[in-house]
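Please look at the sequence and the structure shown here.

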Amino acid sequence: MSDVIERKMVKKEDYVVTFSDGVILVKEVRLAFPHLDKPWAGPRGTNPKPTYGAVGLMPKTRPYAKSKALLDAEVQAFAVSKQNPDLPELHRFVRNGDDRKDRKNFLGHWTVHANESNPPGLRGRGTDPVTGRARIIKPEQAAEIFYPGCWVNMLVRPWWQSNENGKKINSNLVAVQFVRDDTRFTGDGRIGDEAIDDSFPLIPEDDSGFTDDLDL
């Protein structure tokens, strides 16, 4: 007897699909804060458990309305199953981007937050020559293909957090698929090589490394 659980589609809208194994497909969202090639330890290394992660930005436009309603219904059903139907939005992985005035790219979007301790599956456009399915993207290619501002499909799995840090509905980042290019976000995600080079001065190889006028 097989232990494999048959996976079936349960509900579908244009941009959200739910499955019998609890995974949710969120389609056609802008990618923000991607950390897909290696785990990230947070600002200034503050996270003791580095994770892979990303934020999907779902536009607040009419075509997405029914899909957002389905996503909300799934999250609410999950909250009810954990006896927390009134869990505030701040403690859910789907939030109102307009509430983050410090994130200009979030404005006009709903935000879908997902993290994972294990590397997420990465897929691209086209057909993989080995599997015959969506092209597999290797982790070392991720930073080149997945950038802040591109459009992606995201597979996420909600999970319940209940510990000393509070009660929340988080989501694991199961996989990400590149969909198409768009204008790269500025002030989002990792700093690029060009910005790094613009920040650092050239230091001659024969320089001692000490500053002569340093006030000690």
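A residue is called buried when its relative accessible area is under 20%, exposed when it is over 50%, and partly exposed in between, with a 1.4 Å probe and protein chains only. By this definition Phe 106 is buried, because its relative accessibility is 3%. The model is a predicted one, in which local features need pLDDT of at least 70 and side-chain atom pairs count only at pLDDT 80 or more, while totals for chains, interfaces and linings use all residues. Residues are numbered from 1 along each chain as its sequence is written, and side-chain values use heavy atoms, with hydrogens and water left out.

Aromatic pairs come next. Rings of Phe, Tyr and Trp (for Trp, its six-membered ring) form a pair if their centres lie within 6.5 Å; planes under 30 degrees apart count as stacked, over 60 as edge-to-face and the rest as tilted. The whole structure holds three aromatic pairs. In one of them, the ring centres of Phe 33 and Phe 106 are 6.2 Å apart and the planes stand at 90°, so the pair is edge-to-face. Phe 33 belongs to strand E3 (residues 24–40) and Phe 106 to the loop between strands E5 (94–96) and E6, so that this pair links distant parts of the chain, 73 residues apart. Here helices (H or I, at least four residues) and strands (E, at least two) are DSSP runs, numbered from the N terminus. Phe 33 is also buried, because its relative accessible area is 18%.

Phe 146 and Phe 178 form another edge-to-face pair, with 6.5 Å from centre to centre and 75° between the planes. Since Phe 146 lies in the loop between helix H2 (139–145) and strand E9 (151–163), and Phe 178 in strand E10 (residues 166–180), the pair ties together parts 32 residues apart in sequence. Phe 146 is buried at 3% relative accessibility, and Phe 178 is buried at 11%.

His 109 is found in strand E6 (residues 109–116) and is buried, with a relative accessible area of 14%. Leaving aside neighbours within four places in sequence, the residues in contact with His 109 (heavy atoms within 4.5 Å) include Leu 57, Pro 59 and Asp 98.

Finally, a charge sits over a ring if NZ of Lys or CZ of Arg is within 6 Å of the ring centre and within 35 degrees of the ring normal. Lys 68 places its charged end over the ring of Trp 110, 3.7 Å from the centre. Arg 180 lies over the face of Trp 151, at 4.4 Å from the ring centre.
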